[in-house]
Amino acid sequence: MAIRLGDTAPDFTAETTKGPIQFHQWMEGGWAVLFSHPKDFTPVCTTELGAVANLKGEFDKRNVKVIALSVDKVDDHKGWIKDINETQNANLDFPIIGDPERKIANLYDMIHPNALDNMTVRSVFVIGPDKKVKLTLTYPASAGRNFDELLRVIDSLQLTAQFSVATPANWKPGQDCIISPSVTDEEAKKKFPRGFKAIKPYLRVTPQPNIKV
Ligand code: BEZ
């Protein structure tokens, strides 16, 4: 059964390159990104894992732990990490789950046999501190993911979890936000002391609430 937004992320135990983990316990107190790769020693995956390793500081700043999964064994992952570090100028130090029996891949519906036989597609799950799934992405094997976009949407998720706002198309941190439709104009005056502009009654914009000018 597919995992939907708002569902509790299924808990699991797994062997990883950093030792055994229990997923919920591992992510306790913060956000998590769980992302899958089709196979070890493949070119696009190598660039993706290098990219995430090089953005580790950005994930740390946002209190987000990252964990990868590929349907190979932990020992294979360990050999592959050496190649990733060498070719991507990286120092990969987050766990990669070994899932040769596809236990977690099946639990998270990461195998789409009509697209890629018996390998995981490029799935991403962003999970909040409440263990609920906040965002899912599914890319085919042929398209590497944009991890700057992942950070951008995490910024949006964390902001909108805190304030009654949404973020418009192509929003970047620091830009104006949209006031949630459930907030009345009277409430908006109190909640957003820097004011708001009603372009239409349903389209009201306000400066990003947690940024001081
Ligand atoms: C890759 O990561 O390059 C890849 C993996 C599986 C199929 C095709 C490409």
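What order do the strands of the open sheet of 4 strands have? I read β8-β9-β11-β10, with antiparallel pairing. Strands (E, at least two residues) and helices (H or I, at least four) are DSSP runs, numbered from the N terminus; two strands pair if DSSP finds at least two bridges between them.

The model is predicted, so local features need pLDDT of at least 70 and side-chain atom pairs pLDDT 80 or more, while totals for chains, interfaces and linings use all residues. Residues are numbered from 1 along each chain as its sequence is written, and side-chain values use heavy atoms, without hydrogens and water.

I noted β8 (165-166) and β10 (197-200) as the edge strands, each pairing on one side only. Between β8 and β9 (residues 177-179) I found 2 bridges, and Val165 stands opposite Ile179 in β9.

Next I checked α2 (residues 43-54) against α4 (residues 74-88): the angle is about 75 degrees and the axes are 9 Å apart. Axes are lines fitted to C-alpha atoms over the stretch in contact, and angles run from 0 to 180 degrees between N-to-C directions. The two helices, α2 and α4, are therefore roughly perpendicular (65 to 115 degrees). Contacts (heavy atoms within 4.5 Å) involve residues including Cys45 and Leu49 in α2 and Trp80 and Ile84 in α4.

Last, I searched the whole structure for cavities and got 1 of 30 Å³ or more. On a 1 Å grid, a cavity is a set of points where a 1.4 Å probe fits but cannot get out; lining residues have an atom within 4 Å of a point. I logged Val124, Arg145 and Asn146 among its lining residues; β7 (133-139) and α6 (147-162) each supply at least two.

Definitions and conventions: On a 1 Å grid over the protein atoms alone, a cavity is a set of points where a 1.4 Å probe fits but cannot get out, and a pocket is an open set with protein on both sides within 12 Å along at least five of seven lines; lining residues have an atom within 4 Å of a point. Grid points are joined across faces, edges and corners, and a volume is the space filled by probe spheres set on the points. Angles under 35 degrees count as roughly parallel, over 145 as roughly antiparallel, 65 to 115 as roughly perpendicular and the rest as oblique.
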